[in-house]
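The sequence and structure are shown first.

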Amino acid sequence: MFNLARLALRNVLRNRRRTLITLAALLIGVGVMVSIRGLMNGFQRSMVEGVVTGQTGALQVHKKGYLKNVLASPLTLDVPATPEFYSKIKAIPHVTAVAPRIMFAGMVNLGDETIFITMQAVDPALEFKVCPLRKATIVDGGKFKDGGVPDAMVVTTEMDKALKAKAALTKDPPALLAPDKEGQLSGENVSLVGTLALNGPGERKLGLVRIDVAQRLLKMEGRATELLIAVDNIDEIPKVKAALQAALGPEYEVSSWEEIAKFVVDARSRQEVIVKVVAAVFLLLMLLGVANTMLMSVLERTREIGTMMAVGVRRSKIVALFLYEAALIGALGGVLGATVGALVTAWLNLRGLEVTAPGSNVPFIMHPYVEPSYIVQVVAIAATGALLFALYPAWRASRLRPVEALAGG
Amino acid sequence: MSLVSLKGVKKSYQLGKTEVVALKGVDLVIEKGEFTVVMGPSGSGKTTLLNIIGCLDRASEGSYRLDGEEIGHRDFNDLAEVRNRKIGFIFQNFNLIPVLNVIENIEFPCVIRGEGGKELRDRVLAVARDVGLEPHLKHKPDELSGGQRQRVAIARALITQPQLVLADEPTANLDSATSDQIIDLMLALNRDKGVTFLFSTHDPRVMEHARRVVRIHDGAIVDGTDSAAADVARMHASAH
């Protein structure tokens, strides 16, 4: 009803200082909610991009059944690693690059000592197209990256330390040993040319060799255990996945990064819980502020409520008036807070924030952002919440008896 | 048919653990067009009486007929309707709505029952003219003097064309010159437009002009219960 809404607006503007303080509470609360959401979005997108462009690729192709037996690193469940097969994959829209990998369990032999190691064999030229961030994890490994040393190998810092200690005791070059595809143990000499700066789960005892070395060692010429696929837009992953699965047939399984890097999905849902709890706490605090303002307003305006009742305003309209006032403050504070939050987020987005994820020493730049739908949602929550928290003060106002209210309560 | 008819009206309320009896069985009849003053010392029950007649409070016992209709048992929301349609209020503290200007304060009782438009605006302007508020129509209450505020309250009480206007100490917060103007205004409205007024007051000037005085003491009417008797009493008084 127009009259009540207009009256409510004037009442809101009437005690300017108090309205401003309440608006400030809402502004900070909603602003923080939006900014935290923006930071978290940016962080999660960086995390996803980090995983996609640094570890898993957007999608992976395996032989059917490979992922179920992944712990045994079954070399028999392999896929073609040939330009023809890559072409077939690259024909799918949005696919930009394909890189082969062989994952296998090996040993590094130095003199009399042997150390177990998880190995990844990659084609550096292709690998860094799919996972460009990976390049930065290889320290002093120029010879590995550019292919200058054909038998180059890089290992994690922890492995490197252990191997260097053993190397001091022998003059023999290190050899990489592994059971080949048929189960026969075979070996190849390798040169340690650098280290891998990785600390993630399952990454501590890891080594990289060139794929041709591994193919020789494992008798897997022209084969790989997995193919990594890069796409031009991570939002297209589900579409590409379906198209690729259809093109390759049931003999192969196509998985998205989410199915491979489950720990990222888990981390993301844990972060979501934290963000929601923080947002709820801020929301509760600011809404209590609104409730307090409304209660004060009812107490101060007791005589006025009595006057309104005396001239014939019904109880339901007294409730409606105070609810209008609260919703106005809620909506106005929500809009202001969301605007400030969105501006801060936009500024951080342009500027970029350098962050180092826990467990990694490779910093990345994240760009916070918020979806417009979240902003609309937050403003709606602030207004509705203010309305709900004003129910009690409004009800109290309406329960006053006219004669008591006129006497000032 | 009398406008107001109270029979055996009692009002008691709890004050802590003690029961306070404010009205001890009041019988009172007010006819249309009267200009009546209720007088009595503080705590005598005159405000309680006005509150019950104004439907701001309900009697604990007894019957209250307004314009022939028994309304003593109605609930507060029903009474809101009665207050809006049949009764106008003028308060000692004016009780205007601070965020509304003069026009909006005057039209407020009509607007809340859904009236609007040019017809209402014309009525508001006519009432404002009657009470002498024409130069101040856009002013907010805090921009008006006490007398002007009370004129707004009178206009607000009259806009609904009520059958009864209740005025609780309407001149208590006004200086004597302003009081006189306000009393003259109400007398003129009574005389020219037939508006029924019921006052509670200590102000001797209001009493001077009253056509009937009801005296209340300790919750009971001691003089002036029914209007015919009052007229006789007044005639005697003026003859002496």
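Is F199(B) buried or exposed? F199(B) is buried, its relative accessible area being 1%, where buried means under 20% relative accessible area, exposed over 50% and partly exposed in between (1.4 Å probe, protein chains only).

## Basis

This is a predicted model, in which local features need pLDDT of at least 70 and side-chain atom pairs count only at pLDDT 80 or more, while totals for chains, interfaces and linings use all residues. Residues are numbered from 1 along each chain as written, chains are lettered from A and ligands numbered from 1 in written order, and side-chain values use heavy atoms, without hydrogens and water.

## Aromatic contacts

Over all chains, six aromatic pairs are found (Phe, Tyr or six-membered Trp rings with centres within 6.5 Å; planes under 30 degrees apart are stacked, over 60 edge-to-face, the rest tilted). The pair F197(B) and F199(B) is stacked, because the ring centres lie 5.8 Å apart and the planes meet at 15 degrees. F197(B) is also buried, at 1% relative accessibility.

In chain A, R37(A) lies over the face of Y374(A), 5.9 Å from the ring centre (criterion: NZ of Lys or CZ of Arg within 6 Å of the centre and within 35 degrees of the ring normal).

## Sheet in chain B

An open antiparallel sheet of chain B has four strands in the order 2-1-4-5 (strands are DSSP E runs of at least two residues, numbered from the N terminus; a pairing needs at least two bridges). Strand 2 (18-30) and strand 5 (69-70) are the edge strands. Two bridges join strand 4 (residues 61-66) to strand 5, and L66(B) has E69(B) as its bridge partner.
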